[in-house]
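Here are my notes from going through this one. Have the viewer open while you read, and take the points in any order you like.

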Amino acid sequence: EIKAIQTQCKSQLRSLGNYNPNAVEEYAEVKTQYDSLNTQYVDLTSSYDELIGIITRLETEMRTSFVDAFEAINKNFSVTFRELFGGGHAELVLTDPENILESGIEIKAAPPGKIIKNLVQLSGGEQSFIGVALFFAILQVNPTPFCILDEIEAALDEVNVARFAEYIKRYSDSTQFV
């Protein structure tokens, strides 16, 4: 009977596999590595979540800032355009209003007495004057103390150069133009 128990025990020991006397130390090393890696994983996932939150918050703030600036510039552009051209209509339009941060911006402008579908239909002087109107619209929203204008009036005729000069005088108290 003892012999049968002994055979059964030996059989069970063989089925367990080889004995590793270093198993406790190896387990401790693997456990230490696991704990270190798990801590790094938790840090990475929490950092990732924090970064996603920051990016989301920044995108929201950028959208808000962009929309506010865009609306102010658009309003100023319309007014500035009418003042410089003596009438007409101008506006800025987003090409993709649903995706503001990746949207393009179209300039729609029609001097007094003209119906324009594309800015290419305007003369070089009119195109330049539209650029001047947009410049001053941006300057009203985001003033700068110093501004260098290199041949901005080159394509303008004498009448529009005079209008441009008068318009610059409005800003000469707060901005120095060269």
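**Notes on the model**

1. Let me start with the contacts (heavy atoms within 4.5 Å). Counting those in the protein chain between residues at least 6 apart in sequence, 56% join residues at least 24 apart.

2. A bit of housekeeping. This is a predicted model, where local features need pLDDT of at least 70 and side-chain atom pairs count only at pLDDT 80 or more, while totals for chains, interfaces and linings use all residues. Residues are numbered from 1 along each chain as its sequence is written, and side-chain values use heavy atoms, with hydrogens and water left out.

3. On confidence: pLDDT is the predictor's own score for each residue, from 0 to 100. The protein chain averages 89, and 100% of the residues score at least 70. Within the chain, H2 has the highest mean, 94, and H4 the lowest, 84.

4. Now the layout. Helices (H or I, at least four residues) and strands (E, at least two) are DSSP runs, numbered from the N terminus. The protein chain has 4 helices and 4 strands, in the order α-α-β-β-α-β-α-β from the N terminus on. Its radius of gyration is 36 Å, well over the 16 Å that the globule rule gives for 178 residues, so the chain is more spread out than a compact globule. (That radius is taken over C-alpha atoms, and the rule is 2.2 Å times the number of residues to the power 0.38.) The C-alpha trace spans about 125 × 35 × 25 Å along its principal axes.

5. How much of the chain is buried? Buried residues make up 22% of the 178, where buried means under 20% relative accessible area, exposed over 50%, and partly exposed in between (1.4 Å probe, protein chains only).

6. The largest nonpolar core has 28 residues; a core here is a set of buried Ala, Val, Leu, Ile, Met, Phe, Trp, Tyr and Cys residues joined through side-chain atoms within 4.5 Å. Phe77, Phe81, Phe129, Ile130, Phe136, Phe164 and Phe177 touch the most other members. At least two core residues each come from helix H2 (23-85), strand E1 (89-94), helix H3 (124-141) and helix H4 (158-171), with H3 giving the largest share, 8 residues. Take a look at Phe177: leaving aside neighbours within four places in sequence, its contacts are Phe135, Phe136, Leu139, Cys147, Leu149, Ile168, Tyr171 and Ser172.

7. Next, Asn76 in helix H2. Asn76 counts as buried because its relative accessibility is 17%. Its side chain makes a polar contact of 3.3 Å with that of Gln140 (a pair of N or O atoms within 3.5 Å; within protein, one must be able to donate a hydrogen and the other to accept it, and residues adjacent in sequence count only if both atoms are side-chain atoms). Beyond four places in sequence, Asn76 is in contact with Ala137, Gln140 and Val141.

8. Val141 lies in helix H3 and is partly exposed, at 31%. Past its neighbours within four places, Val141 is in contact with Ala72, Ile73 and Asn76.

9. For E1, the covered face is Ala90, Leu92 and Leu94, while His89, Glu91 and Val93 make up the uncovered one. E1 runs antiparallel to strand E2 (residues 105-110), joined by 6 bridges; strands pair if DSSP finds at least two bridges between them. Glu91 stands opposite Lys108 in E2.

10. Finally, check Glu151, a non-glycine with a positive phi of about 55°. Glu151 is in the loop between strand E3 (146-147) and H4, and counts as exposed at 57% relative accessibility.
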